[in-house]
Amino acid sequence: MKDNALLEIKDLKKSFGDNEVLTGITETIHQGDVIVVIGASGGGKSTFLRSLNGLGEPTSGQILFEGTNLVGLGEKELDKVREKMGMVFQQFNLFPHMTVLDNITLAPIKVKGMSEADAQTKAKQLLDQVGLGDKADAYPASLSGGQQQRVAIARALAMEPDVMLFDEPTSALDPEMVGEVLKVMQDLASSGMTMVVVTHEMGFAHKVADQVWFMDGGQIIEKGTPDQVFEHPKEERTKDFLSKVLVQ
Amino acid sequence: MKKIKQIVLAFLLGLVAVMSFTAPNYTNAATDDSLQKIKDKGTIIMGTSPDYAPYEFLVNVGGKSQVEGMDVEVGKQIAKDLNVKLKIKQMDFDQLLVALETGKVDMVISGMSPTNERAKSVDFSHVYYQGGQDILVNKADAKLYAKGHIALQGKNIGAQTGSLQYDLAKKQVKDAKVKGLSKVTDLILALKSHKVDAVNVEKPVAEAYAANDNQLVAINGKYELGDDMQGTAIGFKKGSKTLVTAVNKTLDKIKKDNKTKDYLKTAGNYMAGNTADTSMFHYWKYFALGVGYTLLITAVAVIFGILLGVLFALMRLGKNKVLHAIAVAYIEFIRGTPLMVQIMFVYFGIGMIVQIPALVSGIIAVGINSSAYVAEIIRGGINSIPVGQTEAARSLGLSQSQTMKSVILPQAVKNIWPALGNEFISLIKESSIVSIIGVTDLIYQLKVVQTNTYRGIAPIAVAMVLYFVMTFTLSKILSYFEGKMKHEG
């Protein structure tokens with residue numbers, strides 16, 4: 001029913017040498033959508049996600065973000081686009097030489113030219129939002145994995161992005177910390193943030209996703225609501241994958 | 001890879017072009033304006049190696065070091081007769097002729113014999129003094145060598161590199177093992193520590209040392225000396241006929257009036273003053289000045305080295321293939337050539353096109369040399385930062401340079417701090433090579449004090465302690481910062 005398209009992906013292809021990782025993806029993501037991308041390792045999920053904000057340059061095709069085609073853009077124009085796209089990584093990638101607060105305020109100050117005071121106020125708000133209000137002056141090394149990932153989410157949110165990309169955000173976490181991160185992501189989804197999440201957390205996908213995309217062989221071979229994909233998969237490969245994942 | 005080779009080749013060709021451009025130019029004989037040039041300048045620059053008393057040596061006048069000696073008196077007379085000012089530049093003996101060719105000095109008065117070999121590349125004045133060739137030996141061995149050079153057969157003989165005495169030992173002593181050092185002071189030290197059995201020097205020099213050091217004796221070398229090996233003359237750049245003629249007038253007058261006798265007397269007085277107080281404390285100002293220059297050279301070279309090092313590291317890491325190739329060529333070339341050669345190239349080579357003072361040349365050469373090593377250290381440091389850090393920064397909208405400045409370099413510096421510290425510490429020590437072009441760093445002052453006091457070992461010990469204090473202090477400062485960074489991270 002939504003026609004306010006945020007991201008339009010047209011025949012996206014990506015090769016590493018002879019190896020074609022993305023074999024032609026055409027999809028549209030609307031504002032407020034929560035898309036969860038699932039699939040076996042090596043299916044091209046991460047490559048797909050990273051091409052959405054230009055971290056990996058596609059071989060051909062188009063990615064229209066708010067009307068601008070990212071493919072073939074220069075570095076400077078890409079920087080402008082990336083301001084509006086938050087990304088959260090499997091390995092958190094916090095800056096270890098900065099405090100939690102400085103991690104969050106760096107980009108707003110350097111990129112947006114926000115004053116230090118404003119950036120810090122905003123950062124503290126976000127830290128409260130992810131439940132880490134008391135960790136502003138800590139260094140990343142003193143935090144647990146779950147805490148680091150929550151800081152990373154706050155850091156991305158500080159730029160007030162229009163879309164958040166999550167690249168297996170819980171895969172590097174100890175099991176007892178997965179919940180706290182998923183909780184933050186769920187809150188974010190309910191606040192109306194547009195999200196594209198690559199994950200193996202089927203429970204999260206089931207509960208939070210508007211749409212689940214199943215990727216295999218560099219293509220999205222099945223998509224639908226969580227109910228459709230998880231309860232009534234049509235494709236053999238989806239069934240096969242789900243039977244393996246859900247048994248565990 | 002092919003491209004890189006082409007660029008390296010182009011770089012080398014360029015270098016050759018520069019070298020050939022700076023090669024000595026003999027064609028100006030046709031229009032000889034050498035005398036006029038000096039008069040226009042109002043100064044004549046005399047090059048000398050002041051470790052050759054009584055010809056030239058350093059004296060301590062009110063804590064300041066200055067060159068005195070017979071040759072200086074001759075130089076003064078020449079300047080007076082030409083009605084210009086005399087300026088003295090000090091450097092190692094084997095650098096003097098290069099300095100002459102490259103125009104760093106206008107004349108060389110340094111106890112130099114006008115040998116036929118030298119005359120090929122230099123114009124010589126008339127001989128102004130005939131000294132004769134002596135051998136310096138330890139007193140205990142005096143009887144062994146009473147026969148002069150014939151007795152030196154198969155022995156170790158010390159002589160100044162590039163000197164006539166060196167050639168004499170090579171050619172006239174059977175089975176001689178000749179050891180060449182650039183400073184007479186070092187040769188004397190080698191003699192006293194029995195590294196060599198005898199040292200070839202000119203008669204007045206040998207006598208001066210024997211008079212000031214009761215361990216040494218001067219013996220007539222009884223070498224067969226050709227006409228060109230008798231006595232000392234003044235060297236000029238090839239094609240300076242008018243200047244040589246003018247100077248010869250002064251020299252002939254000096255000879256006629258037997259003025260060298262007076263000059264030697266003056267020199268003797270200075271020498272006596274020098275040896276009046278040879279305690280190292282008396283010379284503390286020299287060492288302090290040396291430490292000052294060593295620290296100055298090191299500090300400026302470090303800053304220079306870091307700035308250039310970062311630049312070349314980024315060029316080498318960057319995507320631009322041309323810049324990458326330039327950086328690779330630069331780094332490999334600088335790392336593949338000795339610092340000493342680089343210093344001489346900057347001072348004499350580039351100095352042909354632009355006159356650069358010795359101190360500045362030294363700083364430039366040391367800085368450039370260091371930058372190549374720093375570039376590789378920094379490259380290693382940048383490569384050691386996980387790619388996820390760049391990705392995180394870029395995904396936040398930080399530009400390439402912001403990412404480098406705020407995220408990558410601060411972490412890289414922390415990782416490479418110990419290696420960088422090592423580089424700075426070795427720079428303090430390596431900078432000592434600048435003394436060959438006459439920069440008054442600690443090594444240079446060490447030699448000055450050796451020459452002044454006729455004491456070999458004590459100044460070395462003082463310099464050693466001073467170097468250690470400098471490097472140890474720096475090392476402590478560096479580890480303080482290392483600890484501080486660790487605390488933060």
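Predicted model: local features only at pLDDT ≥ 70, side-chain atom pairs only at ≥ 80, totals over all residues.
1. Overall build of chain A. Nine helices and 10 strands make up the secondary structure of chain A. Its radius of gyration is 18 Å, close to the 18 Å that the globule rule gives for 248 residues, so chain A is as compact as a globular protein of that length. The C-alpha trace of chain A spans about 55 × 40 × 40 Å along its principal axes. Of the 248 residues in this chain, 54% count as buried.

2. Strand S8 of chain A. This strand covers residues 194-198, and five of its five residues are buried, so S8(A) is largely enclosed by the rest of the structure. In a regular strand the side chains alternate between the two faces of the sheet. In S8(A), Thr194(A), Val196(A) and Val198(A) point one way, while Met195(A) and Val197(A) point the other way. Residues on both sides are buried.

3. Neighbours of S8(A). Strand S3 (residues 34-38) of chain A runs parallel to S8(A), and four bridges join the two. Within this pairing, Val36(A) has Val197(A) as its bridge partner. Strand S7 (residues 163-167) of chain A also pairs with S8(A) in the parallel sense, over five bridges. Here Leu165(A) stands opposite Val196(A). Between S7(A) and S8(A) the chain passes through helix H6 (residues 175-190) of chain A, giving a right-handed β-α-β crossover.

4. A salt bridge between separate parts of chain A. The count of salt bridges over all chains is 29. One of them joins Glu160(A) to Lys122(A), with the closest N and O atoms 2.9 Å apart. Glu160(A) lies in the loop between helix H5 (145-157) and S7 of chain A, and Lys122(A) lies in helix H4 (residues 116-129) of chain A, so the pair ties together parts that are 38 residues apart in sequence. Glu160(A) is partly exposed, at a relative accessible area of 46%.

5. Salt bridges within helices of chain A. Lys183(A) and Asp187(A) form a salt bridge whose closest N and O atoms are 3.0 Å apart. Both residues lie in helix H6 of chain A, four residues apart, which is about one turn of the helix. Lys183(A) counts as partly exposed at 46% relative accessibility, and Asp187(A) is partly exposed at 39%. In helix H9 (residues 236-247) of chain A, Asp240(A) and Lys244(A) are four residues apart, so they are separated by about one helical turn. These two residues also form a salt bridge, with 3.5 Å between the closest N and O atoms. Asp240(A) is partly exposed at 41% relative accessibility. Lys244(A), at 54%, counts as exposed because the cut-off for that class is over 50%.

6. A salt-bridge network in chain B. Arg316(B), Glu332(B), Arg335(B), Glu376(B) and Arg379(B) are joined into one network by salt bridges that share partners.

7. Ile326(B) belongs to helix H12 (residues 321-335) of chain B. With a relative accessible area of 37%, Ile326(B) is partly exposed.

Conventions: Residues numbered from 1 in each chain as written. Chains lettered and ligands numbered in written order. Heavy atoms only, no water. Buried < 20%, exposed > 50% of the residue type's maximum accessible area, 1.4 Å probe, protein only. Pairing = 2+ DSSP bridges. Right-handed = clockwise from strand over helix to strand, strands pointing away. Salt bridge = Lys/Arg side-chain N within 4 Å of Asp/Glu carboxyl O. Rg over C-alpha atoms; globule rule 2.2 N^0.38 Å.
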